[in-house]
Structures are given as C-alpha cells and as structure tokens.
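Here are my notes for you, written as numbered points. Keep the model open while you read and look up each spot as we get to it.

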Amino acid sequence: MKYALTAIAIGLTLASAVKVQAQDAQAKAAETRLHDDWAWMGRYADANAALPAPTRQRVVLIGDSITQGWYDMVPEFFAGDRVGRGIGGQTTPQMLVRFRQDVIALRPAVVQIMAGTNDIASNTGPMTIEQTQANIMSMAELARLHGIRVILASIPPADHFPWRPGLVTAPKIAAINSWMKSYAARTGAVYADYWTALHDGDAMRADYTKDGVHPTKAGYAAMAPVANEAIRKALAGPAPTAKP
C-alpha cells in the first residue's frame with residue numbers, strides 16, 4: 001500500500017510538472033508572437049488561401065476566444081459559407097490590424113465583429129472605452145467601404161475575468177454594449193444581443209460556462225438562434241455601396 005501511494009504521488013508530481021512546462025512553453029510562444037507577429041497575421045494565412053470563391057451568403061465571424069471557441073466546439077455551426085476567424089486573447093487593435101486580411105480579402109457578404117472583452121482586461125495594455133469604440137467603428141467603416149454588411153455582437157456577460165483577479169468588469173461591458181447597440185442603429189448595422197441570451201444578473205449563467213467568461217456547448221447553443229437571426233436580417237438588408 002505504501003509503495004502504491006508513493007507511485008501515485010510521483011505520478012501526480014510528474015503530471016503537474018508536465019502541465020507547468022506546457023504552460024510555460026505556451027506563454028513563451030505567445031510572448032514571442034507578440035513581438036514577431038503582434039496581430040497574429042499568420043494564424044489564418046493558409047486557411048484564407050485555401051478558401052473557395054465566396055458566395056453571396058459568405059459570413060465571416062471575427063473575434064477573440066469566444067468566436068474561436070465557437071468554431072472549435074461547434075464546428076457544425078460553421079457549415080456552408082460561414083468562416084470563423086477568432087483568435088483567443090485578442091483585443092480590438094489586433095483585430096483591426098488583421099481585418100483586411102481576415103475579413104475584407106475574403107469578400108464576405110456579412111461580417112460579425114465580436115470584440116471588447118480583452119480590451120477591458122488590458123490584454124495588450126490599458127485601454128479606455130472610447131478607444132475600444134473607435135476600433136470597432138474603424139472595422140465597421142472598413143466593412144461598409146467594401147460593401148460588407150455588419151453585425152455588431154454584444155460583449156457576453158462576465159462579472160469577473162479569471163486572468164485579471166479583482167477587475168470590475170460588468171459596468172464596462174454594459175457601457176460598451178449600450179454604445180454598440182446605439183451605433184448599430186445609427187449606421188444600419190445589425191446588433192446581435194448575446195448578452196441577454198446568456199446572462200444571469202451581471203454574470204454568465206452558470207450552466208452556460210465553466211469559467212464565467214467562455215461559453216460551453218450549452219452556451220453556444222443559446223447563442224446560435226441570436227446569430228442565425230442576425231445573419232438572416234443582415235443578408236436580407238441592402239449591401240452598402242462599395243467605394244473604389
């Protein structure tokens with residue numbers, strides 16, 4: 001019995017060490033990428049090149065880990081001509097840098113922009129709400145300039161960020177979402193209200209998430225009708241006039 005317990009303890013220690021090494025390697029890779037490819041332009045370069053010619057139904061969803069997780073966990077949602085271009089941890093300035101490559105060059109009929117969580121978390125440095133709004137406006141303006149209809153996705157609910165202990169998140173999420181809804185109405189964009197579909201007070205419903213920020217499959221199932229309706233509405237509306 002003593003030897004068995006010792007073997008278990010050694011196994012657990014080794015497993016923990018391997019996990020720490022993997023986390024360290026991941027952190028080092030992320031740090032290197034921030035210096036060598038800050039917006040991670042290389043993340044989807046090959047996938048973009050491999051896409052077939054676009055149809056009139058192509059929808060590109062650009063975003064952070066919530067968009068990336070949607071594709072990773074529910075790939076069937078992206079059947080047909082829906083293209084996932086989410087990258088975990090990204091902020092609006094990073095998305096703006098890669099917007100031409102990962103959205104405009106793919107010639108979609110519609111783009112959904114889901115962004116802001118990591119701005120609030122200061123993932124690439126401190127940002128004001130106004131700076132986040134400016135970057136979202138720039139992406140939307142670029143889309144309209146190229147004849148692409150716009151869906152602005154609300155920031156999902158979260159009353160804390162596990163990687164930023166103590167950060168007060170809900171008021172900033174509410175402020176950006178309120179502005180985004182108003183901006184969408186003023187500019188003819190569609191506002192996709194995922195916050196309402198997911199929230200329990202200021203938090204995400206416990207049965208929709210494991211960490212308070214990222215949806216589970218159940219969370220994405222609650223988001224899907226909102227997305228489908230937003231996409232239907234966007235495709236039914238007139239395309240902006242592309243400018244040469």
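1. The second largest pocket is lined by 15 residues, and Y71, R82, V83, G84 and R85 are the ones nearest its centre. A pocket here is an open set of points on a 1 Å grid over the protein atoms alone, where a 1.4 Å probe fits, with protein on both sides within 12 Å along at least five of seven lines; lining residues have an atom within 4 Å of a point. The elements giving two or more residues to this lining are α3 and β2 (82-86), and β2 gives the most, with four residues. Helices are DSSP runs of H or I with at least four residues, strands are runs of E with at least two, and both are numbered from the N terminus.

2. How much space lies in the second largest pocket? About 210 Å³, where a volume is the space filled by probe spheres set on the points, and grid points are joined across faces, edges and corners. By type, the lining splits into six nonpolar, three polar and six charged residues. (Ala, Val, Leu, Ile, Met, Phe, Trp, Tyr, Cys and Pro count as nonpolar, Asp, Glu, Lys and Arg as charged, and the others, Gly among them, as polar.)

3. A word on what you're looking at: this is a predicted model, where local features need pLDDT of at least 70, side-chain atom pairs count only at pLDDT 80 or more, and totals for chains, interfaces and linings use all residues. Residues are numbered from 1 along each chain as its sequence is written, and side-chain values use heavy atoms, with hydrogens and water left out.

4. Zooming out, the protein chain has nine helices and seven strands. Of its 244 residues, 42% count as buried (under 20% relative accessible area; exposed is over 50%, and partly exposed is in between, with a 1.4 Å probe and protein chains only). Take the contacts between residues at least 6 apart in sequence: 76% of them join residues at least 24 apart. Contact means heavy atoms within 4.5 Å.

5. Now find α3 (residues 65-73) and α9 (residues 217-236), which pack at an angle of about 105° with their axes 11 Å apart. Axes are lines fitted to C-alpha atoms, for helices over the stretch in contact, and angles run from 0 to 180 degrees between N-to-C directions. The two helices are therefore roughly perpendicular (65 to 115 degrees; under 35 is roughly parallel, over 145 roughly antiparallel and the rest oblique). On the α3 side you'll find S65, I66, G69, W70 and M73, meeting K217, Y220, M223, A224 and A227 of α9. That contact has seven nonpolar residues, two polar and one charged.

6. L51 sits in the loop between α2 (45-50) and β1 (59-63). Is L51 buried or partly exposed? Partly exposed, with a relative accessible area of 26%. Beyond its neighbours within four places in sequence, L51 touches R58, V83, R85 and L106. L51 and D81 are 30 residues apart in sequence and 9.8 Å apart in space, C-alpha to C-alpha.

7. A158 is in the loop between β4 (149-153) and α7 (170-187), and counts as buried at 3% relative accessibility. Setting aside neighbours within four places in sequence, A158 is in contact with T169, A170, I173, D202, M204, G212 and V213. Its C-alpha is 5.5 Å from that of V213, 55 residues away along the chain.

8. Last, check two backbone angles. R107 has a phi near 55°, a positive value in a residue other than glycine; it lies in the loop between α4 (92-102) and β3 (110-114) and is exposed at 59%. S122, not a glycine either, has a positive phi of about 60°. S122 belongs to the loop between α5 (117-120) and α6 (129-145) and is partly exposed at 28%.
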